[in-house]
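Please keep the sequence and the structure in view while reading.

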Amino acid sequence: AARANQVFVHASLYEKAPAADGLGFNTAILVSPAGDLVGRTRKMHIPISAGYYEDTYFRAGPPEDAYPVYAPEGLDARIGLPTCWDEWFPEVARNYSLGGAEIVVYPTAIGSERVFPDFDTQPLWQQVIVANGINSGLFMIVPNRTGNEGALSFYGSSFISDPYGRVLVQAPRDEEAVLVADLDLDQRRDWLELFPFLLTRRPDSYGGLTAPVNPSQPYGTGHYATAVVK
């Protein structure tokens, strides 16, 4: 397809891994107009919720290969290729931004929640991705699956957003679509000069982010609080 249309093609695939447990990688690839493989990124975060128990067939990408940024000849942008569940983590967007990425592409298959089928997560899903683009100065390209598979109903709504949080184009929920948008990559520099999030970081204070989570108390110690705003 890349050779036939003389474009870069991004795609997702199951990558076999030489491991006794039979788990493979959820891998995103980038193919050049010549048909050459010029980028490969393994999904780092694996969901373990009802309907999405991906830990039964995927292993997480190794940390030494995490968050590569690609700038192949002929592509006038620096691009990152995480996958699906990765999009919920601000650490992912921030790592790509620090690595110089301008565009992050998240191939996605998300929809209804098996345990709460009437809970529509589409607005939350979109908001968190757009917000991560804002706080890291990134264009977000997010193709999402549409249609049904058993009890799951995927909600489409693919979109492209810019570092200012604007959704430039969006697909409908219930049918396939082709989205096209012109991206002014200088907006990344302009935004991060106006709001210098990368320059004003405090890595020396972020140790808690890398501390292991206690499996018996994954949400910390629970308590209630009352908020009053005047």
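## Salt bridges

A salt bridge is taken here as a side-chain nitrogen of Lys or Arg within 4 Å of a carboxyl oxygen of Asp or Glu. By this rule the count comes to twelve salt bridges. The model is a predicted one, in which local features need pLDDT of at least 70 and side-chain atom pairs count only at pLDDT 80 or more, while totals for chains, interfaces and linings use all residues. Residues are numbered from 1 along each chain as its sequence is written, and side-chain values use heavy atoms, with hydrogens and water left out.

In general, side chains of opposite charge can pair when their charged atoms come close. One of the pairs joins K43 and E54, with 2.7 Å from N to O. This pair links distant parts of the chain, since K43 lies in the loop between β3 (37-42) and β4 (48-49) and E54 in the loop between β5 (52-53) and β6 (69-70), eleven residues apart; helices (H or I, at least four residues) and strands (E, at least two) are DSSP runs, numbered from the N terminus. For burial, the cut-offs on relative accessible area are under 20% for buried and over 50% for exposed, with partly exposed in between (1.4 Å probe, protein chains only). K43 is buried at a relative accessible area of 1%, and E54 is buried as well, at 10%.

## Two further pairs and a network

R78 and E102 also form a salt bridge, at 3.7 Å from N to O. Here too the pair links distant parts of the chain, with R78 in the loop between β6 and β7 (79-80) and E102 in the loop between α2 (90-98) and β8 (103-105), 24 residues apart. R78 is partly exposed at 37% relative accessibility, whereas E102 is buried at 11%.

Which residue is the salt-bridge partner of R202? The side chain of R202 meets that of D204, at 2.7 Å from N to O. R202 counts as partly exposed, with 46% relative accessibility, and D204 is exposed, with a relative accessible area of 61%. Elsewhere, salt bridges that share partners join E15, R40, R42 and D65 into one network.

## Overall build

The chain has four helices and 13 strands. Its radius of gyration (taken over C-alpha atoms) is 19 Å, close to the 17 Å that the globule rule (2.2 Å times the number of residues to the power 0.38) gives for 230 residues, so the chain is as compact as a globular protein of that length. Along its principal axes the C-alpha trace spans about 60 × 45 × 40 Å.

Of the 230 residues, 39% are buried. Among contacts (heavy atoms within 4.5 Å) between residues at least 6 apart in sequence, 57% join residues at least 24 apart.

## Positive phi values

As a general point, most residues other than glycine have a negative phi. Phi of C84, however, is near 40°, a positive value in a residue other than glycine. C84 sits in the loop between β7 and α2, where the residue is buried with a relative accessible area of 11%.

With a relative accessible area of 3%, S157 is buried.
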